[in-house]
Amino acid sequence: MSDSFPVPPISMPDVMLLAAGLGTRMRPITFEMPKALIAVAGKPLIDHAIDAALAEGCTRFVVNAHHKAEMIDAHFARLKTALPDLGFSVSFEKDRLLDTGGGLRRALPLLGSDPVLALNTDTFWLAGSDTPIARMLACYGAGAADIVLLCVAPDRASGFRKGADYLMDGDGRLSKTQGRPMVYAGAALISRALAQTGPDVPFSLYRHFETAREAGRLWGVEIAAPWFHVGDRQALERTEQDIGALV
């Protein structure tokens, strides 16, 4: 299995945008707004993720909201008005944060596809700079994966300051034992059956990643364009500079 598979004849997945977090590393900005709405290179972070997915043909988007949820809801209302042919829905986490895995499971009734695509809203690639979702679908469609992760080499992970998450072998399988070091790049194509599992407490998507890895069904696709992670204010400044150098 490799990134060179032909794109399978299946439709683009529905997109789960993960935006419920408190954004503590972006304070004091996030005292006033959710992290997903912080402007980077002239547009909110969440719109960078949406635009990249739109460029590949995705048409239905769900966002989870907790911190400053009314602002996320208002932003999606504006998108609905501006783009009436597309789908925009909000999954509210009013009582407590459910973390990424719990948030996805809560939102599944609003997501119709199988698999579904989970996107972090503080990581992105510029719309049209690559077609990683199509390549992730091709990898998934080959039948050996329950999850396909978008990956980036550590030395190409702008704004990212931790070690590799997995090793990727020559075929694209992810493990902890052999291959090139790779960082999870914030996009995960996940089977619906796996996404609907998990405990009745908040839990991370990492639980699903490890379930798939232990079964030998975790695969990866490497991003072939500049990739940005806006985790804190320093990364925000660097990302603005990096994008400015590209355009």
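For the residue classes used here, Ala, Val, Leu, Ile, Met, Phe, Trp, Tyr, Cys and Pro count as nonpolar, Asp, Glu, Lys and Arg as charged, and the others, Gly among them, as polar. By these classes, the lining of the largest pocket has 14 nonpolar, twelve polar and six charged residues. The model is predicted.

The largest pocket holds about 870 Å³ of space. It is lined by 32 residues, and those closest to its centre are Lys35, Thr100, Asn120, Asp122 and His229. Four elements, α4 (99–107), β12, α7 and β14 (227–229), each supply at least two residues of this lining.

The whole structure has one cavity of 30 Å³ or more. About 50 Å³ of space lies in the largest cavity. Its lining consists of Ala49, Ala52, Ala53, Leu119, Asn120, Thr123, Phe124, Trp125, Ala185, Gly186 and Ala187. At least two lining residues come from each of α2 (45–55), β6 (116–120), β7 (123–125) and β12. By class, eight residues of the cavity lining are nonpolar and three are polar, with no charged residues.

Aromatic contacts were examined next. A pair of aromatic rings is described by the distance of the centres and the angle of the planes. Rings count as paired if their centres lie within 6.5 Å, and planes over 60 degrees apart count as edge-to-face. The count comes to five aromatic pairs. Buried means under 20% relative accessible area. Phenylalanine 76 has 1% relative accessibility and therefore counts as buried. Phenylalanine 88, at 4%, is buried too. Ring pairs join Phe61, Phe76 and Phe88 into a cluster.

Tyrosine 184 and phenylalanine 209 form another edge-to-face pair, with 5.0 Å between centres and 70° between the planes. Tyrosine 184 lies in strand β12 (residues 180–190) and phenylalanine 209 in helix α7 (residues 206–214), so the pair ties together parts 25 residues apart in sequence. Both tyrosine 184 and phenylalanine 209 are buried.

Two lysines sit over aromatic rings. The charged end of lysine 94 lies over the ring of phenylalanine 92, 5.5 Å from the ring centre. That of lysine 176 lies over the ring of tyrosine 166, 4.5 Å from the ring centre.

Two loop residues were also inspected. Serine 113 is in the loop between α4 and β6. At 13% relative accessibility, serine 113 counts as buried. A polar atom of its side chain lies 2.8 Å from the backbone nitrogen of aspartate 14. The serine 113 side chain also reaches the backbone oxygen of proline 115, at 2.7 Å. Leucine 126 is in the loop between β7 and α5 (132–141). With a relative accessible area of 21%, leucine 126 is partly exposed. Leucine 126 and glutamate 237 are 111 residues apart in sequence, and their C-alpha atoms are 17 Å apart in space.

Methods. Residues numbered from 1 in each chain as written. Predicted model: local features only at pLDDT ≥ 70, side-chain atom pairs only at ≥ 80, totals over all residues. Heavy atoms only, no water. Phe/Tyr/Trp six-rings, centres within 6.5 Å; stacked < 30°, edge-to-face > 60°. Buried < 20%, exposed > 50% of the residue type's maximum accessible area, 1.4 Å probe, protein only. Lys NZ or Arg CZ within 6 Å of the ring centre and 35° of its normal. 1 Å grid on protein atoms, 1.4 Å probe; cavity = no way out; pocket = protein on both sides within 12 Å on 5 of 7 lines; lining within 4 Å. Points joined across faces, edges and corners; volume = space filled by probe spheres on them. Polar contact = N/O pair within 3.5 Å; in protein donor to acceptor, adjacent residues only side chain to side chain.
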